[in-house]
Amino acid sequence: MTVRLILGDQLNLQHSWFETPDDSILYFMAEMKQETNYVTHHIQKVVAFFASMRNFATQLEKQGHRVLYLPLDADENTQELTSNIQRIIATENAKRFEYLLPDEYRLDEQLRNFCKHLTIESKAFDTEHFLTTREELATFFKGKKQFTMEYFYRYMRKKHGILMLNGETPQGGQWNFDHSNRKKWKGTPNVPSLNETAINVSNLTALLESQNIKTIGTINAESFTWPTTRESSLEILNHFCQELLEHFGDYQDAMDPDEKYLFHSRLSFALNCKMISPKEVMETVIAHWRRNLDSIHISQVEGFVRQILGWREYMRGMYWKEMPNYAGLNILANTHPLPDFFWTGKTKMLCMRKSIEQSLENAYAHHIQRLMITGNYALLTQCDPDQVDEWYLGIYIDAIEWVEITNTRGMSQWADGGKIATKPYVSSGSYINKMSNYCKSCHYNVSDKTGEKACPFNSLYWNFLAEKRSHFEQNRRMGMMLNLLDKMKPELLHAHRERAQHIISNPNEY
């Protein structure tokens, strides 16, 4: 008898484990407070994981596999991973324990330490999901001082033959169409929505309430439309190809107060739970593009591929290269608390209010909202990256530590000193106005430099550069902005810094 563990983000029906049913193998899955309580999660995130896990277990059983599934309220559920496994091994008199390699460092350590003390055989298997090994990125950058994603992305394109001609030349004549992916959304063409079938969430929300699971955000049967099966994940992939891909690249950085998703695929949760694979997603998207060359430009497709083949695999590689020390980095020594309005959305800054409200209502905001709105504000106000990490990890449905912490502590908060982002991603209100439609309806005026009605991002930006300039003086990419800072009239810089300090000390007034 072998007991095999499946975690909540390992829902890969295509895995070789499941090719042939075997009565001598018992698959074990569990809903546990260990996983609901290590951070305060969005309620839609917990519901989505539990619903997806239950659907996956049901599918395995239909295929003839033996499955032991422990709901959150099961009497025999210890609510802790290793004690649950130990009990099942004893109950089943198992002679072997197997598990799929976790993607989070804490779970990897927990299971490795557990297996050291087992008296039966144990073995870890690859999840057969990613296009790289854990160590591949570290090997690629061995001996290098900078870990530039673009070079890794080109290596991945060549290795996997994706959007390539003759193995060496990028299709379309260039590797990257990023400069074509920065258009501002102006309301046309219309964004086709997907008529999803909402699932019944009442049983799971009642379960969480009965077990006193603390969550953030809201949920109802009408608004919860996240995929919780492989079939529904493929439906969303097909919808993206048919309706959204044509404009994805153009508007992937755009933001609008009335558009929650624009042309984004919403596949991140399904991908991160492994209900679908990055390889099949890219192959499906590229195949659709090849059938529609007259209407879909390569820039739309390359922008999408770059996010999956480049950024996603890069972030995972950086995670395994840098952990566990990475989780404690705070190079800029930022210590301010995250403002209360991150949990309520009650702020007069329209971009912040809309991005936070959307996050609370849908457990989702796209990458530029996360990076250049909420993340930008948190960095400019010098918030403690521990608190920023915790908020991002909890609020977003696709947030699993391997992808969240590298994006948050690295890309967004520059707490790693530039391991991931060569410069801090900060801006005044002008960038937000350039890439969004937030500013025209905001309480504040983006064109005002100082004063009560001036956009808070304006003063916060210049104050940040002045206060942290010692960290950036040798950074060539920051040279132009530091030169502008040096040329600023002293009285204007003083006004910026005075107002910024008031915003930082009194965030809930803004």
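Helices (H or I, at least four residues) and strands (E, at least two) are taken here as DSSP runs, numbered from the N terminus, and the expected span of a helix is 1.5 Å times one less than its number of residues. The structure is a predicted model, in which local features need pLDDT of at least 70 and side-chain atom pairs count only at pLDDT 80 or more, while totals for chains, interfaces and linings use all residues. Residues are numbered from 1 along each chain as its sequence is written, and side-chain values use heavy atoms, with hydrogens and water left out.

Helix α4 (residues 105–116) consists of twelve residues and reaches 17 Å from its first C-alpha to its last, close to the 16 Å expected at 1.5 Å a residue. Its buried residues (under 20% relative accessible area, with exposed meaning over 50% and partly exposed in between, for a 1.4 Å probe and protein chains only) are L107, D108, Q110, L111, F114 and C115. Seen down the axis of α4, these buried residues fall within an arc of 165°, so they line one face of the helix; the arc is that of the directions from the helix axis to the C-beta atoms. An α-helix has 3.6 residues a turn, so residues three or four places apart point the same way. The cover over the buried residues of α4, in terms of contact (heavy atoms within 4.5 Å), includes β1 (2–5), α1 (33–37), α3 (81–92), β4 (96–100), β5 (121–125) and α11 (298–322).

Grid points are joined across faces, edges and corners, and a volume is the space filled by probe spheres set on the points. The whole structure contains three cavities of 30 Å³ or more, and the largest cavity has a volume of about 360 Å³. It is lined by 23 residues, of which G8, E35, Y38, F49 and R106 are the closest to its centre. The elements giving two or more residues to this lining are α1, α2 (43–62) and α4, and α2 gives the most, with five residues. By class (Ala, Val, Leu, Ile, Met, Phe, Trp, Tyr, Cys and Pro as nonpolar, Asp, Glu, Lys and Arg as charged, and the others, Gly among them, as polar), the lining of the largest cavity has 14 nonpolar, three polar and six charged residues.

The second largest cavity holds about 110 Å³ of space. Of its 13 lining residues, C351, C439, C442, Y444 and C455 are the closest to its centre, and the lining divides into twelve nonpolar, one polar and no charged residues.

The second largest pocket holds about 320 Å³, and of the 21 residues that line this pocket the closest to its centre are P192, S193, L194, Y261 and R266. R266 is found in the loop between α8 and α9, and has a positive phi of about 65° although it is not a glycine. At 10% relative accessibility, R266 counts as buried.

Methods. On a 1 Å grid over the protein atoms alone, a cavity is a set of points where a 1.4 Å probe fits but cannot get out, and a pocket is an open set with protein on both sides within 12 Å along at least five of seven lines; lining residues have an atom within 4 Å of a point.
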